[in-house]
Amino acid sequence: MLYATSNFLVPNGTFIVVLLAFLLVVGFIAKYVVPPLNRELTERQDQIRGELEAADRAKSDAEEADAERRTLLEAARAQARHIVEQASTTADQTVTAAQTRAQAEYDRIVQAADAEVTIARQAAVEEVTTKVGEIVLAAAERVLGREIQASDHRDLIDEAIAAVRAETEGTPAGAGSGRASNSGGSR
Amino acid sequence: MIPGLPILANRLIAINISVGDRVQRTLFGIKFDLDIVWATMIAAAIVIILGLILRAQATSGVPGKFQLVWEMAIGAIKKQVEESIGPRGAAIVPLALTLFVFIFVCNLFEVLSIGAKLEWLPAPTSDVNLPFAMALSVIVLVHVSSVRTRGVRGYFRHYFAQPFPAKLFPINLFMNAVEELVKPVTLSLRLFGNLFAGGLMLSLLASLVIWKLGPVPVGGLLSVPFTVVWKVFDMAIGAIQAFIFALLTIIYFDMAMATDGAH
């Protein structure tokens, strides 16, 4: 081993050795380092791309599901509204119908009661009229001492009866005419 | 005038900082610098071991920090190649990656040096042989790819037909010849010069130790912090030079592979 000083800008035999060493390193890197690095970078890129695509898909799926949910919800709401409307309409109709029926029933009952009252009153008046006529006739027979023919004195009897009726009821003229025809018919 | 400085100057001259001291052996009449040889071998071994560790650890899943550093390096180089040369340049990526990593590892050896007359593990890039070897490899491959891209006729016509019109071919030829000859020289000497200067700076800082003012070892007190600061700076220089070498390689390939005459 010797320590030599030479022109340091001039390459020597070392050049060949270091050149070979350098080329060896280049070969190693080119063969054993760059391909796996590239492969891993590509794989990772693919993975990331795949994951991003999957995320996109999941997102669009979720959006679709959400849209469907919204549509369904809207439809359900509309249906519910419809049902409520229908129910309230039906209820209104039912109430109206019931009211109508009740009114009709009430009217009918009132009418029937009116009619019954009228009939009863008429019957009562007829009875009273008949009885009064008989009493008057009987009284008159007793007074006169002979039989009186009712038909001969019809006008007189009717006049008396009308006077009695006016006195007991004070009824309007319409009732009087009905009574006149009824009293005539009942005989 | 700082007292003691003339003494320092005298002492420095007396030390006579020499350059290019190597552990030399002659084999078959050829001189070999053994320290550069083994330093280069160690650097190559480090790079190969780093590559083997990467191969063992590499995963396409979540990468570790070690893999990330490799991926950052190769990513930066691929980006550079794709932006300048395009997809055709993919073959250059391993070369550029090796240049960057290998030169960077070599340059880091300078952190270990102490400014001695003879370093036991010098940065191999601070000797001309390795930069020349790398620059030669690059330039040969650049010319090969130029012939491949342009064809033999296109390759030679390229030197005559540009940058000026073909009528001025003597000027074109002269300019292109100078350019092509300068490329490997600048490529290698830039790297060598930076690293060599770094080592020289360490020698100067180390020799500062002999500067004393009476009993006070002024130089010794200054030498240590200066050396520390310089070594940090030197690491940055090492990284930058490795990057520049790889970048210029890509640029030379880009110029060689440009199908158009313009570059």
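## A first look at the two chains

In chain B, among contacts between residues at least 6 apart in sequence, 66% join residues at least 24 apart. Please keep in mind that this is a predicted model. The notes below begin with each chain, then turn to where the chains meet, and end with two residues to look up.

**Chain B**

- Chain B has 7 helices and 2 strands, and from the N terminus on its elements run α-β-β-α-α-α-α-α-α.
- Of the 263 residues in chain B, 35% count as buried.
- Is H4(B) mostly covered or mostly uncovered? H4(B) is mostly covered, since 15 of its 16 residues are buried.

**Chain A**

- Chain A holds 3 helices and 1 strand, and along the sequence these follow the pattern β-α-α-α.
- Of the 187 residues in chain A, 10% count as buried.
- Within this chain, helix H1 (residues 14-144) packs with helix H2 (residues 154-168) at an angle of about 130°, and their axes are 10 Å apart.
- H1(A) and H2(A) are therefore oblique to each other, and their crossing is right-handed.
- On the H1(A) side, this contact is made by A:Val125, A:Thr129, A:Val132, A:Gly133 and A:Val136; on the H2(A) side, it is made by A:Ile157, A:Ala160, A:Ile161, A:Val164 and A:Arg165.
- Sorted by class, the contact of H1(A) with H2(A) has 7 nonpolar, 2 polar and 1 charged residues.

**Where the chains meet**

- The contact between the chains takes 44 residues from chain B and 35 residues from chain A.
- On the chain B side, the elements giving two or more residues are strand S1 (21-27), strand S2 (30-33), helix H2 (34-57), helix H3 (65-84), H4 and H5.
- Which of these elements gives the most to the side of chain B that touches chain A? The answer is H2(B), with 10 residues.
- By class, the side of chain B that touches chain A has 27 nonpolar, 10 polar and 7 charged residues.

**Helix against helix, across the chains**

- Two packed helices are described by the angle between their axes and the distance between the axes.
- H1(A) packs with helix H5 (residues 129-161) of chain B at an angle of about 55°, with the axes 8 Å apart.
- These two helices, H1(A) and H5(B), are therefore oblique to each other, and they cross in a right-handed way.
- H1(A) brings A:Thr14, A:Phe15, A:Val18, A:Leu19, A:Phe22 and A:Leu23 to this contact, while H5(B) brings B:Asn129, B:Leu130, B:Phe132, B:Ala133, B:Met134 and B:Ser137.
- The contact of H1(A) with H5(B) has 9 nonpolar, 3 polar and no charged residues.
- H1(A) also packs with H3(B), at an angle of about 90° and with the axes 11 Å apart, and the two helices are therefore roughly perpendicular to each other.
- Here A:Val34, A:Leu37 and A:Leu41 of H1(A) meet B:Trp70, B:Glu71 and B:Ile74 of H3(B).
- Those residues divide into 5 nonpolar, no polar and 1 charged.

- A:Pro36 sits in helix H1 of chain A.
- A:Pro36 has 16 C-beta neighbours inside 10 Å, so this residue counts as partly exposed.
- Leaving out residues up to four places away in sequence, A:Pro36 touches B:Arg55 and B:Ala58.
- Where is B:Ser126? B:Ser126 lies in the loop between H4 and H5 of chain B.
- B:Ser126 is buried because it has 29 other C-beta atoms within 10 Å, and 20 or more make a residue count as buried.
- Setting aside neighbours within four places in sequence, B:Ser126 is in contact with B:Glu110, B:Phe192, B:Leu195, B:Phe196 and B:Gly199.
- B:Ser126 and B:Gly199 are 73 residues apart in sequence, yet 7.5 Å apart in space from C-alpha to C-alpha.

Notes. Residues are numbered from 1 along each chain as its sequence is written. Chains are lettered from A and ligands numbered from 1 in the order in which they are written. This is a predicted model: local features need pLDDT of at least 70, side-chain atom pairs count only at pLDDT 80 or more; totals for chains, interfaces and linings use all residues. Axes are lines fitted to C-alpha atoms, for helices over the stretch in contact, and angles run from 0 to 180 degrees between N-to-C directions. Helices (H or I, at least four residues) and strands (E, at least two) are DSSP runs, numbered from the N terminus. Angles under 35 degrees count as roughly parallel, over 145 as roughly antiparallel, 65 to 115 as roughly perpendicular and the rest as oblique. A crossing is left-handed if the near helix is turned anticlockwise from the far one by less than a right angle, and right-handed if clockwise. Two residues are in contact if their C-beta atoms, placed from the backbone, lie within 7 Å. Ala, Val, Leu, Ile, Met, Phe, Trp, Tyr, Cys and Pro count as nonpolar, Asp, Glu, Lys and Arg as charged, and the others, Gly among them, as polar. A residue is buried if 20 or more other C-beta atoms lie within 10 Å of its own, exposed if 12 or fewer, and partly exposed in between; C-beta atoms are placed from the backbone.
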